[in-house]
Amino acid sequence: MYRSGLADELFNFARLWVGHLPGGLAVAAVAACAIFAAISGSSVANAATIGLVAIPAMVAFKYDKRLAAGLVAAGGTIGVLIPPSTAMILIGIIAEESIGDLFMAGLIPGILLFTLLSIAAIVICKKTGTYQPLPKVFWRERLTGTKKAIGSLMMPVIILGGIYTGVFTPTESAAIAVVYALIYVLFIKRVKWAQLLEIIKESTKTVAMAAILLAGGISLGKVVAMLQVTQNVCAYFATAGWPAWLIIVATMGLIFVLGMFLDGSAIVLLILPILAPLVRSLGFDMLWYAVLFVINTEIGLITPPIGMNVFVIQQVSGIDAHDVIRGAIPFVIVIALTLIIVAFFPILSTWLPSTMR
């Protein structure tokens, strides 16, 4: 799907429907990130793919380049919440939670993050006036653009619809999605048979990397259990007399600091084997905590000194990393606000999974 150039279709689809709004291209960029998130499952891939299309278009229409780059860097983080999320898959295996439930747990917070990022983009554009309004688009153009993008838009419908209705499991949905994608890209003739070997090579590298990460994470979890690290940590907090909510806040602070230096997957493998039993022992819902965990790690993707999304956007756009970070600051605040809202209202992450049982 990535090789077939669907990012152009998705961005054009979003532009046609929301481009008339103040800062419409900015909203379109966030919308494209949200839709592509339901295909890629990766924040970095999300930011890179949409950034190649959205940032040049926004700059061409007089948007501030820092705003454009920072918005796409932040918008890419939706990829970790909208299913299928690679982070949720890792958490599901390490914490022994249902991956289907984790997918559904991230959906409403993902939509909330999309909404808040869009509102922030509109407010900033209206306040600064650094954008050029798009010409009026007629319904015929919108329907034509939707028709062109329908093949790409069906992917998240198939994945989420099948999992939610119980037609197939998350694992089966992956296989069905691969077959659908293969048929789709060959049907539209943007990918030739000769290119499939290279695509399979790239996919194999990704799968191998995930397999190694999972093997390491599961092994670490076993060692942690054998050494009774979790039991000792739980015993410490029990005798320290800390309130349960303060322990959760402390773990969030630890994740935030680690996010400045490590990839989200590494953080999951490093500390989740210890934190998951601790969270359960405190009586908290693991689905709720998993959503907080991934939102927090995503903040690290756009905060110094590492900020993987920042450097990805720098590479695809040529905009200086300092400008990307400055442009992303308002949207980092929005992501942090989303984290706080989900923390205070656990039902946002627990209601949808409860309807599947």
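**A briefing on loops, core and salt bridges**

Glu96 sits in the loop between helix H5 (86-95) and helix H6 (99-128); helices are DSSP runs (H or I, at least four residues), numbered from the N terminus. This is a predicted model, in which local features need pLDDT of at least 70 and side-chain atom pairs count only at pLDDT 80 or more, while totals for chains, interfaces and linings use all residues. Residues are numbered from 1 along each chain as its sequence is written, and side-chain values use heavy atoms, with hydrogens and water left out.

**Loop residues to look up**

- Glu96 has a phi near 60°, a positive value in a residue other than glycine.
- With a relative accessibility of 69%, Glu96 counts as exposed (exposed is over 50% relative accessible area, buried is under 20%, and partly exposed is in between, using a 1.4 Å probe and protein chains only).
- Lys62 belongs to the loop between helix H3 (43-60) and helix H4 (65-75), and its phi, near 70°, is positive although the residue is not glycine.
- Lys62 is also exposed, at 54% relative accessibility.
- Tyr131 is in the loop between H6 and H7, and its C-alpha is 4.9 Å from that of Lys62, although the two are 69 residues apart in sequence.
- Apart from neighbours within four places in sequence, Tyr131 is in contact (heavy atoms within 4.5 Å) with Pro22, Gly23, Phe61, Lys62, Tyr63, Cys125 and Lys126.

**The nonpolar core**

- In soluble globular proteins, nonpolar side chains tend to be buried together.
- The largest nonpolar core here has 112 residues, and Ile91, Leu272, Tyr289 and Phe293 have the most contacts inside it (a core is a set of buried Ala, Val, Leu, Ile, Met, Phe, Trp, Tyr and Cys residues joined through side-chain atoms within 4.5 Å).
- Helix H2 (residues 24-40) supplies the largest share of this core, 15 residues.
- Beyond its neighbours within four places in sequence, Phe293 is in contact with Ile91, Met252, Ile255, Ile267, Val268, Ile271, Leu272 and Leu275.

**Charged side chains**

- The whole structure holds two salt bridges (a side-chain nitrogen of Lys or Arg within 4 Å of a carboxyl oxygen of Asp or Glu).
- In one, Arg66 pairs with Asp64, with the closest N and O atoms 3.7 Å apart; Arg66 is partly exposed at 27%, and Asp64 is partly exposed at 28%.
- In the other, Arg280 meets Glu97 at 3.0 Å, N to O.
- Because Arg280 lies in helix H12 and Glu97 in the loop between H5 and H6, this pair ties together parts that are 183 residues apart in sequence.
- Arg142, in helix H7 (residues 139-165), is buried yet has no salt bridge, and the nearest side chain of opposite charge, Glu141, is 8.0 Å away (Lys and Arg count as positive, Asp and Glu as negative; His and the chain ends are not counted).
- Not counting residues up to four places away in sequence, Arg142 touches Leu16, Trp17, His20 and Val137.

Note on methods. Helices (H or I, at least four residues) and strands (E, at least two) are DSSP runs, numbered from the N terminus.
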